[in-house]
Amino acid sequence: MPQNVNTTDEKLRLNALNSYAVLDTKPEKDFDDIAELASQICEVPISSIAIMDKDRQWFKSRIGIDKSEIPREESFCNFMMNENIDSIHVENMIEHPYLSKNPYVSGNPKLAFYAGVLLIDPDGYTLGSLCVYDLQPKKLSDFQFNALKKLANQVIQLLKLRKKNSQLEENNSNLLAKYHELEQFAQVVSHDIKSPLNNIISLTHLFQEEYGKVIDSEGNEYLDYISKSSLELKNFVDAILIYYKSDTINTQERQEINWEQLFKKSIALLDSKNEYDIKFNVKSNEPFYSNKIALEQIVSNLISNSIKYNDKKKIEVEIEVQNLTSEMELSIKDNGIGIAKADFEKIFTFFTTLGKKDRFDNLGTGIGLSTVQKLVTKLNGRIELESEMGYGSTFKIFLKK
């Protein structure tokens, strides 16, 4: 008799059973295979994987049994639970002092042989039993009875796996609900926060144009501060939206990438006045398939950083694509301020900044590079950084073909 069997609190047992979400489920091949294997090993025509509910015994899998459930008080498993027996081997039930009175022994189908093993979960709660039956008296060999016990353990492993899958499905459902809430939040942020911010920025500029000469220098300084603070908040909101919108990109959607067009589009958006020396070189004619939207965000973000975090009079950015054996390498090199080696990992952390202002006198949001890393990961790629303080940085992205 196992020491961990808990038969004293039926309510807790039923709670444990319900956590496996197995009652009244459809047949499953893995369970049916075990029931059939039990029947074959024990050389009997009848077998079952039975789950013990409050008032009934329900068969998850059955061989040679027509009914899908029977009253609990009529089940052999109920007898085992009441007697605190974890396994039983009855060669001739007609001779058994209690089981001989069972209606399935005294009446049809007149069962004569029974062997069963309780299904006891890791917490000691009995969920049901794995049983084999025959219409003739029978004696199992030690090998057969031990095999039946091992098969019962496999049923428990299947139930544990089913429980984990059920919990994962519930977690996924909760995550999906939170994701939809996040989408709604993004829409609210986009409209209800960005619109007033844009109005503040526009009205501040308009006020300065109309009344800048009327108010004193201190008043203009306050207006500059309002305008700058509003712009920083707007940039921060934009960065957050971009970060979370990157989750909606289906990176499984792939198309052939025209690198030249992609680079030209990003450069045109970031250098509309041709103020910077941005060059690109595509050293591969091999077709490459990936998600265009994700790559555009990655390239635009890295070029933008190369411009913003640059203290040189002449900003230089070199973009290069080359074909490796199993990967495509995309590199973006600049002559900017550089990044200390101790900060290499820090810059990819969400909401983490190095506390440095860019060339436009703005502090970073700590979101851009974390967005880049997230997109690269979604594309099954990796990112490397080479940098030296005062001499610039090179971001290398390796994408599997």
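**Close-up 1. How helices α8 and α9 pack in this predicted model.** Axes here are lines fitted to C-alpha atoms, for helices over the stretch in contact, and the angle between them runs from 0 to 180 degrees between N-to-C directions. With that in hand, take helix α8 (residues 292-308) and helix α9 (residues 368-378): their axes come within 10 Å and cross at roughly 150°. Angles over 145 degrees count as roughly antiparallel, so that is the label for α8 and α9. The crossing of the two is left-handed. On the α8 side, the contact is made by A294, Q297, I298, N301, L302 and N305. Facing them from α9 are G368, L369, T371, V372, L375 and V376. Sort the contact residues by class and you get seven nonpolar, five polar and no charged ones.

**Close-up 2. A salt bridge between E10 and R72.** Some background for this view and the ones after it: side chains of opposite charge can pair when their charged atoms come close. Here the side chains of E10 and R72 meet at 2.7 Å, N to O. E10 sits in helix α1 (residues 10-18), while R72 belongs to the loop between β3 (69-71) and α3 (76-83), so the pair ties together parts that are 62 residues apart in sequence. E10 comes out as partly exposed, at 28% relative accessibility. R72 counts as buried, at 12%.

**Close-up 3. E28 reaches K60 across the sequence.** This is another salt bridge, with the side chains at 2.7 Å, N to O. E28 is in the loop between α1 and α2 (29-42) and K60 is in strand β2 (residues 56-63), which makes this a link between distant parts of the chain, 32 residues apart. So which of the two counts as buried, given a relative accessible area of 4%? That's K60, because buried means under 20%. E28, with 26%, is partly exposed.

**Close-up 4. K314 pairs with D277.** The salt bridge between these side chains spans 3.9 Å, N to O; the cut-off for a salt bridge is 4 Å. K314 lies in the loop between α8 and β10 (316-323), and D277 is in strand β8 (residues 277-283), so parts that are 37 residues apart in sequence get tied together. D277 has 22% relative accessibility, so it counts as partly exposed.

**Close-up 5. A salt-bridge network.** Which residues are linked in it? D24, D53, R56 and E69. For context, a search of the whole structure turns up 21 salt bridges.

Key. Residues numbered from 1 in each chain as written. Predicted model: local features only at pLDDT ≥ 70, side-chain atom pairs only at ≥ 80, totals over all residues. Heavy atoms only, no water. Helix = DSSP H or I, 4+ residues; strand = E, 2+ residues; numbered from the N terminus. Parallel < 35°, antiparallel > 145°, perpendicular 65-115°, else oblique. Left-handed = near helix turned anticlockwise from the far one by under 90°. Contact = heavy atoms within 4.5 Å. Nonpolar A, V, L, I, M, F, W, Y, C, P; charged D, E, K, R; others polar. Buried < 20%, exposed > 50% of the residue type's maximum accessible area, 1.4 Å probe, protein only.
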